[in-house]
Amino acid sequence: MSVARIDKRFAELKAENKSAFIAYVMAGDPDLETTFDILKGLPAAGADIIELGFPFSDPMAEGPTIQRAAERSLAAGTKLRDVFALVKRFREIDQDTPIILMGYMNPVEYLGYDRFAQTASEAGADGLIVVDCPPEEADALSDALDANDIALIRLATPTTDADRLLTVVKRTRGFIYYVSVAGVTGVKEANADAIAEAVARVREAANLPVAVGFGIRSADSAASIARIADAAVVGSALVDEIKHWLSNRDATEQTESLLENGTASAKVLEKATVLAQAVHSARLAAKG
Amino acid sequence: MSDPVLRNSYNQPDAKGRFGQFGGQYVPETLMPLVLELNAAWHDAKNDPAFWAEFNSLMTHFVGRPSPLYFAERLTAHHGGAKIYFKREELNHTGAHKINNCIGQILLAKRMGRKRIIAETGAGQHGVASATVCARFDLPCIVYMGATDVERQKPNVFRMGLLGAKVSPVTNGQGTLKDAMNEALRDWVTNVHDTYYMIGTAAGMHPYPEMVRDFQSVIGKETREQILEMEGRLPDALIACVGGGSNAIGMFHPFIDYDTVKLVGVEASGHGLDVYNGHASSLNGGRPGVLHGNRTYLLQDEDGQILEGHSISAGLDYPGIGPEHAHLFDTGRAKYVTCTDLEALEAFQLTCKLEGIIPALESSHAIAKVGDLAREVGKGGIVVLNLSGRGDKDIATVAKHMGEQNGSALS
């Protein structure tokens, strides 16, 4: 399945004239069971594709929200093998929703490209995003992933000019991830007007669907991105729900308030539902 | 007499910034076009005699070069082996070798039309040097410094403020050099349009390891000329401390082609090489991986997470090392030994008493191991040690430690 699972999902949505809603969750934040509950609930909440972050100690392209999520995950003892196990458990209950692993180079290096690709494939992952691996350094990793039918999804950014775009799109599969702002995750807000032109340019160069992420925090901005891109990715805004839940939990010792606080996974899924609705109805609303 | 002709058959890195299997450009796509632009600008500058004329003029009149090569007579007598010379980088303006690199990079930043300088610092020496050149060339300077280091290097924090730089304390992680570097990279990725990142050591993404080495090579080039004049021959061995490794590679590089010259780097082994996460010896106690834009030896756990490491010296407290050192380690051209906190503290005090020089704690690591090397080389031999920085910034750390020692002796 793998790359085909991603292609199929985009084809289905295209037929319905819908943009995809991609939800990001950090594996093991604040613990593996919470992550599994979120994964389990995401398809029903409207997530078309799931990005599953694997934590790294030095996430240099992340803003504070995802940095803290990685710290919480590592503090809870999350290992790469736990992340693969989450994917495997999810695949037992869902065979249609693509899972893209997302993280940094060193944990991949440590395991070894071939072993990483093979283990990810066996677990049922479909794609990989490595933030600090530009095309110039990616050939050996691409070879290993291709051999296991996992898509290496490349990033294009506002600093990627037309010439460089040709380098970026080479050997990319599944979709292209357009980073809508020059900056770290979850800080600057994306401006849909400014990125419409870039999305069109990237789509033409890649001949693949274009997902937009890094600066989408609200249902409104998710909807405006959904009108121009093939997918809208939301990460920090979902992770923030976990942060809020944890601080509410720590702030209160009253049983009643704790019950009101609900569960972290429910909070994330609630938020995901709102965002998914905004993304899926964006184009219909625009027509109406 | 040895060959006085400067050889240059050693030709690293390659066009992709690789020193053997190490180096490279592992950066997010947002930075990639900037890194490529920097590489082009650097190669243009490198081949421009006017660039080097300005660099050399500033080296002479602003930095105070050449730095002396000094025969450490009493330390030599103390160890009873080869003659020990100090390359006196601590006498440079701002008190360390770091200024050599900053002069080069600020000229490049100006040439590229950048309006804002960011830097990371550990001990604060690179931060002070960055703040200094930014004041001299009228550019705003933001220095990222781990909160732990801000605390243990207060005099340098105050200096940076006097020089007009903004010091931004980093509380992520353990608040040391690697966390400062992460934060500087986040700044760069956010302010791509006008910002120049002035990396302080011969590490990070290509072209930094090559560029910083070339600026710091002034150390080795001068050493070569000075020792030929004073002794009529090349030294038998060179020794320098390595954190990221810029002072060592600056000293070593002009000698790599001369097989008779031993190259010895000294890594900080903190509480001891056998103490988990208690040292900063990336080569002797780490394994290859990818961090901060390059593949090199790293301190890391069994899941590829980076360890903080430990050294009493803030400048050596970094879980990686420049890729060229990783290459020299793998090929065996250079040898890397280790030195604990306690050994460095002893060497610090010994140098004060025997030579009337207060060395930086970083440099004290090399001094601690120069005796072994001098005895190994033997009488009649010549060893040159890179005294990379002065120790005024460290007196509070050393005083605290001496107090603890005295306290325990009394009780």
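How many bridges join strand S1 to strand S2 in chain A? In this predicted model, five bridges join strand S1 (residues 20–26) of chain A to strand S2 (residues 49–53) of chain A, and the two strands run parallel. Within this pair, A:Ala23 stands opposite A:Ile50 in S2(A). Strands of a sheet pair through backbone hydrogen bonds, and the pairing can be parallel or antiparallel.

The pair S1 and S2 belongs to an open sheet of nine strands in chain A, with the order S5-S4-S3-S2-S1-S9-S8-S7-S6 and parallel pairing. Strand S5 (151–152) and strand S6 (155–156) of chain A stand at the edges. Each of these edge strands has a single partner strand, so one side of each is left without a neighbour in the sheet.

Going from S2 toward S5 in that order, the next strand is S3. Four bridges join S2(A) to S3(A), and these strands run parallel. Here the bridge partner of A:Glu51 is A:Ile100 in S3(A).

Is strand S3 of chain A buried or exposed? Five of the five residues of strand S3 (residues 99–103) of chain A are buried, so the strand is largely enclosed by the rest of the structure. In a regular strand the side chains alternate between the two faces of the sheet. In S3(A), the residues A:Ile99, A:Leu101 and A:Gly103 point one way, while A:Ile100 and A:Met102 point the other way, and all are buried.

Chain B also has buried elements. Helix H9 (residues 208–216) of chain B is mostly covered, with nine of its nine residues buried. The buried residues of H9(B) include B:Tyr208, B:Met211, B:Val212 and B:Phe215, as well as B:Glu210, B:Arg213 and B:Asp214.

B:Ala129 lies in helix H5 (residues 125–136) of chain B, and B:Ala129 is buried, with a relative accessible area of 0%. Leaving aside residues up to four places away in sequence, B:Ala129 touches B:Thr94, B:Lys98, B:Ile99 and B:Cys102. The C-alpha atoms of B:Ala129 and B:His97 are separated by 9.0 Å, and these two residues are 32 residues apart along the chain.

The last topic is where the two chains meet. The contact takes 35 residues from chain B and 39 residues from chain A. About 3,100 Å² of area is buried between the chains, and carbon and sulfur atoms give 50% of it. B:Glu29, B:Arg186 and B:Asp303 supply 21% of the area that chain B buries against chain A, more than any other three residues.

Between chain B and chain A there are five salt bridges. B:Glu302 forms a salt bridge with A:Lys79, in which the closest N and O atoms are 3.7 Å apart. Several elements of chain B each supply at least two residues of the side that touches chain A, among them helix H1 (32–46) and strand S11 (287–291). The largest share of this side, six residues, comes from H8(B). By type, the residues of the side of chain B that touches chain A divide into 14 nonpolar, 11 polar and 10 charged.

How values were computed. Residues are numbered from 1 along each chain as its sequence is written. Chains are lettered from A and ligands numbered from 1 in the order in which they are written. This is a predicted model: local features need pLDDT of at least 70, side-chain atom pairs count only at pLDDT 80 or more; totals for chains, interfaces and linings use all residues. Side-chain values use heavy atoms; hydrogens and water are left out. Two strands pair if DSSP finds at least two bridges between them. Contact means heavy atoms within 4.5 Å. Buried area is the accessible area (1.4 Å probe) that two parts lose on being put together, summed over both. A salt bridge is a side-chain nitrogen of Lys or Arg within 4 Å of a carboxyl oxygen of Asp or Glu. Ala, Val, Leu, Ile, Met, Phe, Trp, Tyr, Cys and Pro count as nonpolar, Asp, Glu, Lys and Arg as charged, and the others, Gly among them, as polar. Buried means under 20% relative accessible area, exposed over 50%, partly exposed in between (1.4 Å probe, protein chains only).
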